[in-house]
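Let's take a friendly walk through this structure, with the coordinates open beside the text.

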Amino acid sequence: MQVVKPGKLLINNEWCEAESGKRFSVTNPATEQKLTDVAEGDAADVNRAVKAARRAFESGPWKTMSARERGRIINRIAILLDKHKEEFAELETLNNGKPISETRNADLPLSIETFEYYAGLADKIHGDTIPVSGNFFNYTLREPAGVVGQIIPWNFPLLMAAWKLGPALATGCTVVLKPAEQTPLTALKLGEIAIEAGLPAGVLNIIPGYGPTAGAAIATHPDVDKVAFTGSTEVGKIVMQLAGANLKRVSLELGGKAPNIVFADSDIEAAVNGAMRGIFFNQGEVCCAGSRLFLEEKIHDEFLSKLKTRVEKMIVGNPLDPKTQMGAQVSEEQFKKILGYIDQGKKEGATVLTGGAPAQPKGYFVKPTILEGVNNNMTVAREEIFGPVVCAIAFKNHDDLCRQANDTVYGLSAGIWTRDIGKAHRLAKEIKAGTIWINCYNCFDAASPFGGFKQSGFGRELGKYALELYTQVKSVWVSLD
Ligand code: ADP
């Protein structure tokens, strides 16, 4: 196994300590042991990083190089990530607690393909010519947003960095990235390969640190043009307020409470698999987790009995074991929060069909849990648990289902299981969410947009849609007289 190195800040392609000299510990959530420590950036370091990013944006090779050359550098990041994928997968598993089978088969391939995708898009970003009235030639330029602050969460540390960096770099922005304090290690390693790939100094600066210090400094900094945030709805609201001080552009990818809907006419075995994938992938620490499992009354009991049998066979434990299907929650805080929600569910009348307790004496493992008899007004159906807890809710008919599915402040995603293709498409239109999965769940591709309705945020990541987040349009008029 690799030696986990202590981490530093990355500013202007140099690794440095925080000005305060502070460092913070990073823990392996599966063992509760310290993994290493990392320099703790705060406002002073963010300031240095923003200065470096501004210099790199306004002058120097990044600004003058062709979009195609930018694309080549991004592609080299993808190639190097691929070359080192096993080290990245192991490091992510050690730091986050997620199973190695997932870091190998989801986090790494998706991160690599995100850089590949944006490498290919870099030289395809352009404006239009517009047929205006009068004797004018009018055209638009699509220019980079400028210095971009990116604040990312701990659930997919490398993948969220890739989703943010791919489009920002492709458009020619420069970046100050803050990984989550729980999981800074793979983002820092990504910084190493970005330098090796030839990213010029100042284009990517990485400041590990805490939210209210380093994160808030990014959101308030007057010389940051745009902030992109992924995290909780609660913190998203704070970031938006802070960013309002200088009217920064903001994009937010926030929480969810997705309905995963199973009709009686679905392929039940496939839907059971989909329910499992929907809630237990990444220990349920997924903003689009299918946490409200809506079951048509006719199949409710049969479905839950099948699901229970499957859940009780899940292998929960050592995240480094390739056979493990569910690892540890990221931190003690999350572990306690999840168990607290299960208690709250019981108090409000739900029943624990299976799970509902820690899975191991050591480490932050929670048993995969099914709560039965939930109604959509209970706390467990309204608030994001961010853990391996699925709330089963029975529904009678289409109208009853639709009303309940949309009765949430969130709108990130939804799953629909039915063999009736017309019904599936009608419902896909009716559900207020940014992603709808029909007879599948948790499918991702770098080319397909992802983002929220309602309080799940705004702005779309991935695909060509993400270019909107990092560019601004300039209209140029030329008199032809
Ligand atoms: P989670 O609930 O998933 O831990 P958070 O929304 O708390 O998500 O955190 C997501 C990211 O936001 C992390 O990088 C965290 O450090 C950062 N963050 C937390 N609080 C603030 C804040 N007040 N200002 C800016 N960033 C913050």
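Which residues does Thr93 touch, not counting residues up to four places away in sequence? The answer is Lys98, Pro99, Ile100, Thr103, Pro319 and Leu320. Please keep in mind throughout that this is a predicted model.

Thr93 is found in helix α4. With a relative accessibility of 2%, Thr93 counts as buried, because the cut-off for that class is under 20% relative accessible area.

One is the backbone oxygen of Lys98, which the side chain reaches at 3.0 Å. Another is the side chain of Thr103, with which the Thr93 side chain makes a polar contact, at 3.0 Å.

The protein chain is divided into two parts: domain 1 covers 9–254 + 455–477, and domain 2 covers 259–445. Their C-alpha centres lie 30 Å apart. To the contact, domain 1 contributes 31 residues and domain 2 contributes 32 residues.

How much area is buried between domain 1 and domain 2? The value is about 2,600 Å², and carbon and sulfur atoms give 60% of it. On the domain 1 side, Glu32, Trp154 and Ser456 stand out: together they supply 20% of the area that domain 1 buries against domain 2, more than any other three residues.

## Polar links across the interface

Between domain 1 and domain 2 there are 12 residue pairs in polar contact, counting pairs with both residues at pLDDT 80 or more. Helices α4 (85–96) and α5 (100–121) each supply at least two residues of the side of domain 1 that touches domain 2. The largest share of that side, seven residues, comes from α5. Sorted by class, the side of domain 1 that touches domain 2 has 12 nonpolar, 11 polar and eight charged residues.

How many salt bridges are found across the interface of domain 1 and domain 2? There is one.

## Salt bridges along the chain

In total, the count comes to 30 salt bridges. One of them joins Lys5 to Glu192, where the closest N and O atoms are 2.8 Å apart. The Lys5–Glu192 pair links distant parts of the chain: Lys5 sits in the segment before β1 (9–11), while Glu192 belongs to helix α7 (residues 185–196), 187 residues apart. Glu192 is partly exposed, having a relative accessible area of 30%.

Some salt bridges lie within a helix. Arg48 and Asp45 pair up at 2.7 Å, N to O. These two are separated by about one helical turn, because they are three residues apart in helix α1 (residues 43–58).

The closest N and O atoms of Arg72 and Glu69 are 2.7 Å apart. Arg72 is partly exposed, with a relative accessible area of 43%, and Glu69 is partly exposed as well, at 25%.

Salt bridges can also join into a group. Here Glu17, Arg23, Lys34 and Asp37 are linked in a network.

## Lys178, a buried lysine

For a last stop, turn to strand β8 (residues 174–178), where Lys178 lies. Lys178 is buried, with a relative accessible area of 2%. Leaving out residues up to four places away in sequence, Lys178 touches Gln150, Ile151, Ile152, Ile207, Gly209, Tyr210, Gly211, Ala214, Gly215 and Ile218.

Conventions. Residues are numbered from 1 along each chain as its sequence is written. This is a predicted model: local features need pLDDT of at least 70, side-chain atom pairs count only at pLDDT 80 or more; totals for chains, interfaces and linings use all residues. Side-chain values use heavy atoms; hydrogens and water are left out. A salt bridge is a side-chain nitrogen of Lys or Arg within 4 Å of a carboxyl oxygen of Asp or Glu. Helices (H or I, at least four residues) and strands (E, at least two) are DSSP runs, numbered from the N terminus. Buried means under 20% relative accessible area, exposed over 50%, partly exposed in between (1.4 Å probe, protein chains only). Domain bounds come from an automatic or database domain assignment. Contact means heavy atoms within 4.5 Å. Buried area is the accessible area (1.4 Å probe) that two parts lose on being put together, summed over both. A polar contact is a pair of N or O atoms within 3.5 Å; within protein, one must be able to donate a hydrogen and the other to accept it, and residues adjacent in sequence count only if both atoms are side-chain atoms. Ala, Val, Leu, Ile, Met, Phe, Trp, Tyr, Cys and Pro count as nonpolar, Asp, Glu, Lys and Arg as charged, and the others, Gly among them, as polar.
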